[in-house]
Amino acid sequence: MAAEENWQTKLSTTVEKTAFIFNNELLSDVKFVVSLPNGGGESKKAIPAHKFVLAINSPVFFAMFYGRMAETKDPIELPDCEYESLLELFRFLYSDKVNLSGNNVMQVLYLANKYIVPSLAKKCTEYLRDNLKASNVFLILPHAQIFEDKDLKDRCWKVIEEQTEEAVTSDEFVAVDRSVVESVVKREVLNVREVELFKAVDRWAIKECERQGMTSDGRTKRQILGEDIVNGIRFPLMEEKDFASVVFDSHLLNHEEFCNLIKHYNNFLNNPLQFVQACRGIFSKQRCQRFKTFLSGWIYNYNGPDCILLTVNKPIILHGVQHFGSEREEYTVKTDIIDPLDNNLLVSRGGNYVSKKSYTSTYYGFDVLFDRPIILKANKEYKIKSIIKGKHQ
C-alpha cells in the first residue's frame with residue numbers, strides 16, 4: 001500500500017503513527033497467515049505486521065523475533081486462530097483500540113493470554129461481564145475456569161443460579177464438559193423446575209453419545225453421565241405425571257429406582273430413598289403477608305394446636321411460617337406442614353423464638369423457618385399446624 005508523502009508530519013502522536021501502519025504493507029517486515037472463517041473460496045489470508053511494534057507490546061512476540069531462538073520464517077502460519085481475532089489483537093497492539101463482539105471476544109481473549117497482553121485480556125473480560133447472560137453463560141464459564149478468572153467465574157455461576165432454566169435450555173449447555181454438568185446438578189441454589197433440569201441433562205447425554213459415535217440408549221447415557229450426576233437429580237421434587245412421562249421415556253433409571261420413586265409418590269415406600277428430597281434454594285424468595293394489620297389479635301389455643309388450611313393457585317416453595325406474638329415475648333413452638341388427604345407430615349420445625357416487630361408490619365411476630373423448604377402444589381389443600389407455648393396474643 002503506497003503511503004502519502006510526508007505522512008509522518010500529518011500525524012501528531014506516536015499512537016496515531018503506529019495506528020497508520022496497522023495492517024499496512026508500509027515498513028512491514030513480517031506476515032502472519034491465518035484461517036478465514038467458513039472458507040469462502042479463500043481459506044487463508046495474510047496480515048502484514050511489524051516486528052518492533054509487536055515486540056514492544058508482547059513478551060512472547062519479543063522472544064519470537066529477538067530472543068535466542070528467534071523466528072526466521074516469513075510468512076508465519078498460526079493455525080490456532082482466525083483472521084478477525086488476530087487482526088483485533090494487532091489493532092490493540094498498534095492503537096490501544098479493539099473492536100470486540102460476541103463472535104470474536106473468546107478468541108481475542110485466548111490470544112491476549114497466549115501472547116501475554118494483560119491490558120487486552122482485561123478489556124475482554126470486562127466485555128464478557130457487561131454482556132454476560134443466560135444464553136451465553138455456558139460458553140463463557142469454561143474460559144473463565146481455564147484462565148482462572150475468579151470474578152468472571154463467580155458472575156457466571158450467579159447467572160446460572162438466577163436464570164437456570166434459560167441457561168440449561170440454551171444451545172451452549174449441550175456443548176459443555178461433563179464436569180460442568182455435574183457442577184450444575186449438585187448446585188444447592190437453582191431457579192428451575194427439576195423436570196426441566198432433568199430434560200437438559202438428558203439432552204446433554206444424547207448429544208455426548210452422538211459426539212462419541214454411540215447409541216443413545218438409557219444404559220449408555222447413564223454410563224456417560226455417571227452416578228454422581230444421576231443421583232444429583234432430585235427426582236422426588238418432580239410432579240408424578242412429569243416423572244412418569246419424561247423420566248420413564250428417558251430410560252435412565254433402572255427398574256428398582258423407578259418403582260421406588262412411584263412408591264414414594266404414593267406414600268408406599270418404607271425404605272430410604274437414594275435421591276435428595278430437599279428443595280433447591282432460589283433467589284426469588286418473597287414474604288407473603290396475608291394480614292397487613294389486625295384489630296383484635298389472634299388468640300392462641302390454650303389446650304391444643306392452632307391450625308389453618310391453605311391452598312395456592314400456583315406452585316410455590318414454602319420456606320417457613322410467620323406467627324403472631326406479643327411484644328418481646330418468648331415462645332416455644334412446633335410447626336408442622338401436613339397433607340390432610342392422608343395426614344402425611346411433610347416438614348416440621350420446632351424451637352424457641354422471641355417476638356419482634358419487622359419493618360414491613362405493624363404487629364409483633366416471629367418466623368419459624370424450615371431446615372428444608374417444601375413445594376406446595378397448585379390447588380391442593382395443606383394444613384399448617386402449630387403448637388405454641390408462651391404469652392397468648
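A polar contact is a pair of N or O atoms within 3.5 Å; within protein, one atom must be able to donate a hydrogen and the other to accept it. The views below show a predicted model.

**View 1. Polar and charged pairs between domain 1 and domain 2.** Across this interface, two residue pairs are in polar contact, both at pLDDT 80 or more. Two elements give two or more residues to the side of domain 1 that touches domain 2: α5 (105-114) and α6 (118-131). That side of domain 1 is made up of four nonpolar residues, three polar residues and one charged residue. The interface also holds two salt bridges. Arg-129 forms a salt bridge with Asp-149. The closest N and O atoms of Arg-129 and Asp-149 are 3.5 Å apart.

View 2. Domain 1 spans 7-131, domain 2 spans 136-266 and domain 3 spans 306-390. Taken over C-alpha atoms, the centres of domain 1 and domain 2 are separated by 39 Å. Eight residues from domain 1 and nine residues from domain 2 make the contact. Together the two domains bury about 760 Å² between them. Carbon and sulfur atoms give 70% of that area. Which residues of domain 1 lose the most area to domain 2? They are Met-106, Leu-128 and Arg-129. This trio accounts for 63% of what the domain 1 side buries.

**View 3. The salt bridge of Glu-188 and Arg-234.** The model has 26 salt bridges by the rule used here. In this one, the side chains of Glu-188 and Arg-234 meet at 2.8 Å, N to O. Glu-188 sits in the loop between α10 (178-185) and α11 (194-211), and Arg-234 in the loop between α13 (227-232) and α14 (240-250), so the pair ties together parts that are 46 residues apart in sequence. Glu-188 is partly exposed, at 49%.

**View 4. The salt bridge of Glu-227 and Arg-222.** The side chains of Glu-227 and Arg-222 meet at 2.7 Å, N to O. Arg-222 has a relative accessible area of 13% and is buried, because the limit for buried is under 20%. Glu-227 is partly exposed, with 39% relative accessibility.

View 5. The side chains of Arg-328 and Glu-327 form a salt bridge with an N to O distance of 2.3 Å. Arg-328 has a relative accessible area of 61% and is exposed, because the limit for exposed is over 50%. Glu-327 counts as partly exposed, at 43% relative accessibility. Elsewhere, salt bridges that share partners join five residues into one network: Arg-193, Glu-196, Lys-199, Lys-241 and Asp-242.

**View 6. Ser-58 in the loop between α2 and α3.** Ser-58 is placed in the loop between α2 (51-57) and α3 (59-66). Is Ser-58 buried or exposed? Ser-58 is buried, with a relative accessible area of 1%. A polar atom of the Ser-58 side chain lies 3.2 Å from the backbone nitrogen of Phe-61. Leaving aside neighbours within four places in sequence, Ser-58 is in contact with Tyr-115 and Val-117.

**View 7. The cis peptide bond of Asp-74 and Pro-75.** What kind of peptide bond joins Asp-74 and Pro-75? The bond is cis, with omega at about 5 degrees. Pro-75 is in the loop between α3 and β3 (76-82).

View 8. Asn-23 lies in the loop between α1 (14-20) and β1 (30-35). Leu-27 is also found in the loop between α1 and β1. Phi of Asn-23 is positive, near 50 degrees, in a residue other than glycine. Leu-27 is not a glycine either, and has a positive phi of about 65 degrees. Asn-23 is partly exposed, with a relative accessible area of 27%. Leu-27 counts as exposed, at 62% relative accessibility.

Notes
Residues numbered from 1 in each chain as written. Heavy atoms only, no water. Domains from an automatic or database assignment. Contact = heavy atoms within 4.5 Å. Buried area = accessible area lost by both parts, 1.4 Å probe. Salt bridge = Lys/Arg side-chain N within 4 Å of Asp/Glu carboxyl O. Helix = DSSP H or I, 4+ residues; strand = E, 2+ residues; numbered from the N terminus. Nonpolar A, V, L, I, M, F, W, Y, C, P; charged D, E, K, R; others polar. Buried < 20%, exposed > 50% of the residue type's maximum accessible area, 1.4 Å probe, protein only.
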